Amino acid sequence: MRLPLILISLLGFVFSHVSATALTYKLQAHEFACFFSHVQEKGIKLAFYFAVQSGGSFEVDYSVVGPNEKMILEGTKERQGDYVFTAQEQGEYRFCFSNEMSTWVDKMVDFEIAQENESRDAKLPSKQGTSPEQTSALEESILKVSRDLSTINRNQKYFRTRENRNMSTVKSTENRIFNFSVMESALMVSMAGLQVFIVRYFFQGARK
């Protein structure tokens with residue numbers, strides 16, 4: 001029972017230092033929306049990920065502003081981004097998206113804001129008969145699993161974004177084909193009616 005207890009404790013040690021918020025937001029045309037994350041102390045890692053899932057050319061403007069209105073990240077007409085930076089100051093950080101470039105198209109944006117404290121100075125639980133080397137090796141294994149899970153999570157986000165964009169493109173193409181078919185049918189009916197009208201006009205003129 002000792003190994004499972006240490007494993008559970010290490011898992012709690014690793015994941016207690018990470019807090020994240022993942023959201024999906026519908027960004028209206030001409031909208032400027034901001035989301036906030038409060039940092040309690042300096043040196044915390046902030047991870048910022050976003051991806052435009054649908055709408056127009058899948059592009060938005062974004063910015064990350066720190067305390068005292070200090071610009072940290074900024075970009076225009078980006079489809080997605082994945083950034084990690086260290087908070088140099090304590091306070092509120094603002095993560096903003098802008099769809100002001102779009103006249104009428106809404107954008108669906110997936111994004112995640114995560115805080116990670118990489119401090120590993122906390123005392124790990126020890127059991128009688130367990131050497132520090134064994135605990136350290138187990139801790140490294142847990143951290144490696146955590147990094148692998150983060151990689152898998154990022155890959156899943158990437159493939160989900162690709163799937164959503166491809167589905168949006170398919171739906172847009174389907175709507176265009178449908179509209180073109182309706183216009184083509186209407187044009188054919190109009191041409192047929194015009195031909196009937198011209199033929200009747202010629203016959204009525206010949207009778208006179």
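**V84 to start.** I picked V84 and found it in strand β6 (residues 80–86); helices (H or I, at least four residues) and strands (E, at least two) are DSSP runs, numbered from the N terminus. Before going on I noted that this is a predicted model, where local features need pLDDT of at least 70 and side-chain atom pairs count only at pLDDT 80 or more, while totals for chains, interfaces and linings use all residues. Residues are numbered from 1 along each chain as its sequence is written, and side-chain values use heavy atoms, with hydrogens and water left out.

Is V84 buried or exposed? Its relative accessible area is 51%, so V84 is exposed. My cut-offs: buried means under 20% relative accessible area, exposed over 50%, partly exposed in between (1.4 Å probe, protein chains only). V84 touches K45, L46 and A47, leaving out residues up to four places away in sequence; contact means heavy atoms within 4.5 Å. I also checked V84 against Y49: they are 35 residues apart in sequence, and their C-alpha atoms are 8.7 Å apart.

**The whole chain.** I stepped back and counted two helices and eight strands. Starting at the N terminus, the order reads α-β-β-β-β-β-β-β-β-α. The protein has 208 residues, and 29% of them count as buried. Taking contacts with a separation of 6 or more, I see that 79% come from residues 24 or more positions apart.

**V64, another valine.** V64 belongs to strand β4 (residues 60–65). V64 counts as buried because its relative accessibility is 0%. What does V64 touch, beyond residues up to four places away in sequence? I listed F48, K70, M71, I72, L73, F85, R94 and F95. For R94 I looked up the spacing too: the C-alpha atoms of V64 and R94 are separated by 5.6 Å, and the two residues are 30 apart along the chain.

**Strand pairings.** Strand β2 (residues 32–39) runs antiparallel to strand β7 (residues 91–98), and eight bridges join them. Two strands pair if DSSP finds at least two bridges between them. In this pairing H38 stands opposite E92 in β7. I noted the two faces of β2 as well: A33, F35, S37 and V39 make up the covered face, and F32, C34, F36 and H38 the uncovered one.

Strand β3 (residues 45–54) pairs with β8 over nine bridges, again in the antiparallel sense. There K45 stands opposite E116 in β8. Strand β8 (residues 107–116) is largely enclosed by the rest of the structure, because eight of its 10 residues are buried.

K157 is in helix α2. Buried or exposed, then, for K157? K157 counts as buried, because its relative accessibility is 19%. Its contacts, not counting residues up to four places away in sequence, are Y49 and E112.

**Two positive phi values.** H30 has phi near 65°, positive although H30 is not a glycine. I found H30 in the loop between β1 (18–27) and β2, and with a relative accessible area of 49% it is partly exposed. E69 is in the loop between β4 and β5 (71–78), and it is exposed at a relative accessible area of 56%.

Rolling a probe the size of a water molecule over the atoms shows where empty space is left. I use "pocket" for an open set of points on a 1 Å grid over the protein atoms alone, where a 1.4 Å probe fits, with protein on both sides within 12 Å along at least five of seven lines; lining residues have an atom within 4 Å of a point. The second largest pocket has a volume of about 270 Å³, the space filled by probe spheres set on the points, with grid points joined across faces, edges and corners. Which residues line the second largest pocket? I wrote down S54, G55, G56, F58, W104, V105, D106, S168, T169 and S172. Helix α2 (residues 132–207) gives the largest share of that lining, three residues.
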